[in-house]
Amino acid sequence: MGSAAPDDRPDVASDAEPDIEALRTVQNSPRFRALKRRHRLFVLPATGLCLAWYLAYVLTAGYAPQVFATPVAGSMNLGMVWGLAQVATTFAVTMLYVWYANKHLDPAAAEIRAELEPVLAGAGAGANGARA
Amino acid sequence: MSAAILVQASTASTSPGDPILNIAIFGAFVAVTMVIVFRASRNNKTASDYYAAGRSFTGGQNGSAIAGDYLSAASFLGIVGAIAINGYDGFLYSIGFLVAWVVALLVVAELLRNTGKFTMGDVLAFRLRQRPVRIAAAISTLVVSFFYLLAQMAGAGGLVSLLLGIDERIGQSVVIAVVGALMILYVLVGGMKGTTWVQIIKAVLLIAGAGVMTVWVLAINGFSFPALLDAAVATTGNPAILEPGLQYGLSDVTRLDFLSLGLALVLGTAALPHVLMRFYTVPTAKEARKSVVWAIWLIGIFYVFTLVLGYGAAALIGPEAIAAAPGGANSAAPLLAFELGGPVLLGIISAVAFATILAVVAGLTITAAASFSHDVYASVIKKGKASPQQEVKVARITVVVIGLVAIVGGIGANGQNVAFLVALAFAVAASANLPTIVYSLFWKGFTTRGALWSMYGGLTTAIVLIALSPVVSGGERSMIPGADFAIFPLSNPGIVSIPLAFLLGWLGSVLERRRESSDKQTEMEVRSLTGVGAEKATAH
């Protein structure tokens, strides 16, 4: 029962004014720019490809259903295989992103956070003191 | 969609199982969850506890809760029934619900967890002008939650006749009121913590129940999926159930309609306010990522189960028998449970279906209440000067009001064709919320005017197009059967409203002279990617 620090500041996101100079320095640093680039390099193409892959599936189902009827093995047709492949690719992209984020995003983010957080805590202590 | 499919066949007579047993098993679920909710609520002290469960859930727990929040009765009864009767098209429908989570995982979950606090409005208004954007975010949240909630509550009425054998309108209304009252109690007492536990327990029961039935169906067919398909074709005498087209492939309009629906599903999921709010219940962005990974696995496996169960129902019971049963397509899963495990398995599956509605409406209600209290009351009316105690009090009052509205609305909509409401909720979320979320996170030049144009434009377009579509007038199954003002041919507005909302967001931003604070942009960008200054878990 942690009644020690009930958080009494108003619950609005914009309540604390952090040290903007420190943040801007980070934003312009090569390390942060590299993190941002690596994040977008994965996230944007992966989202686009998944959406395109899904759109191709839906369009084929609607406008070329005979393609889906192509037999693959016995009663399994191409539509069934493609549908299950949608599930499989969703799982694959998920695990690929987890691997990528663990390897290429989290360490850089943690490093920047570890350096920046003491600076911000010092500067914003007045407005933002209740944070544990 | 659940609701409507359910309601469609409310001419029902009797349940195939034992209604007393069904009620007893559901009663046990309510009793167990109530104890857990009361225990969990003892630690509810701050606003963060009430809205975000103290940000203390693990990724695995939250992922299960997301699955519990997302897999509505429609996913289970509706999709199994759709596959049993229409074959492949039901499966096609379920794929969109799963692929959508890629957007949530890659684009939304972590960045949102890092920048926001309790609601979607926190993120949308982060670097824009607070008052107008928060009001727009709250309106959109309330509209989406209301549509979704109404569909679930009306669906409860249809379930009652199917599972409890109650056919009179008055009896169904009583059950809807009981479901609503239970939901109010859970959310009032348990807050986000209680709601989350209800969702976790329900997800485990639902997925385990579907899993047992899936293994059972496969065992009957020698653990061969092709053998199951052969059996389904043999029973139905219709090889077309293995191909698309039975439900959606009738004409150019229905094809375009499905494309529109597919777009709304795949882009709307990551912008549903009750899904977004779940990302705040974990301590870090990394746990938010783990939550979505868990959710994707659970939801994906579940939809594969529904594929087996759908064809299993087609093989073992047959589409004619299902369509003729009380509840129509929705009776496929319950009838299959009865066929496999008799009244006991049917009782369990029925209880799970009710638990499903309960968990989903609880999640919607706390989201809507948090948005009203946090975005409208605390941020706009009190201009950020409300204490957390006042804010939580307003949230609790809102929960009761929303619960009562949901009960009255659910009773009123019982028997109406409200299937389009869930699809509309996805379309509104994809149109009103997603463009603003994406632009805020990824485009420096986005402005308040862009956000307002996009949100109000997307919201209004989606609703007006639905009002002018065949679901409201001009068709045999329209809401207003006599009238015909359906000048928009599609029953899902997504294909028009989503691109339009993206366009309006861009246009509004480039036309606005006034620039947004670059300080806030800096803060948001650094914070979203590194987690610096993100909300911390409360220590208990």
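I looked up the side chain of Asn492(B) and found that it reaches the backbone nitrogen of Gly494(B) at 3.0 Å, a distance I set beside the definition of a polar contact (a pair of N or O atoms within 3.5 Å; within protein, one must be able to donate a hydrogen and the other to accept it, and residues adjacent in sequence count only if both atoms are side-chain atoms).

I noted that this is a predicted model, where local features need pLDDT of at least 70, side-chain atom pairs count only at pLDDT 80 or more, and totals for chains, interfaces and linings use all residues. Residues are numbered from 1 along each chain as its sequence is written, chains are lettered from A and ligands numbered from 1 in written order, and side-chain values use heavy atoms, with hydrogens and water left out.

Next I placed Asn492(B) in the loop between α18 (448–467) and α19 (494–511) of chain B, where helices are DSSP runs (H or I, at least four residues) numbered from the N terminus.

Leaving aside neighbours within four places in sequence, I listed the contacts of Asn492(B) as Asp257(B), Ser260(B), Leu261(B), Ala264(B), Ala423(B) and Ala427(B), a contact being heavy atoms within 4.5 Å.

Finally I checked confidence, pLDDT being the predictor's confidence in each residue, from 0 to 100: chain B has a mean of 88, and 96% of its residues reach 70 or more. Over residues 1–13 of chain B, however, the pLDDT is below 50, although this stretch has 42 contacts in the model beyond near neighbours in sequence.

Notes. Helix = DSSP H or I, 4+ residues; strand = E, 2+ residues; numbered from the N terminus.
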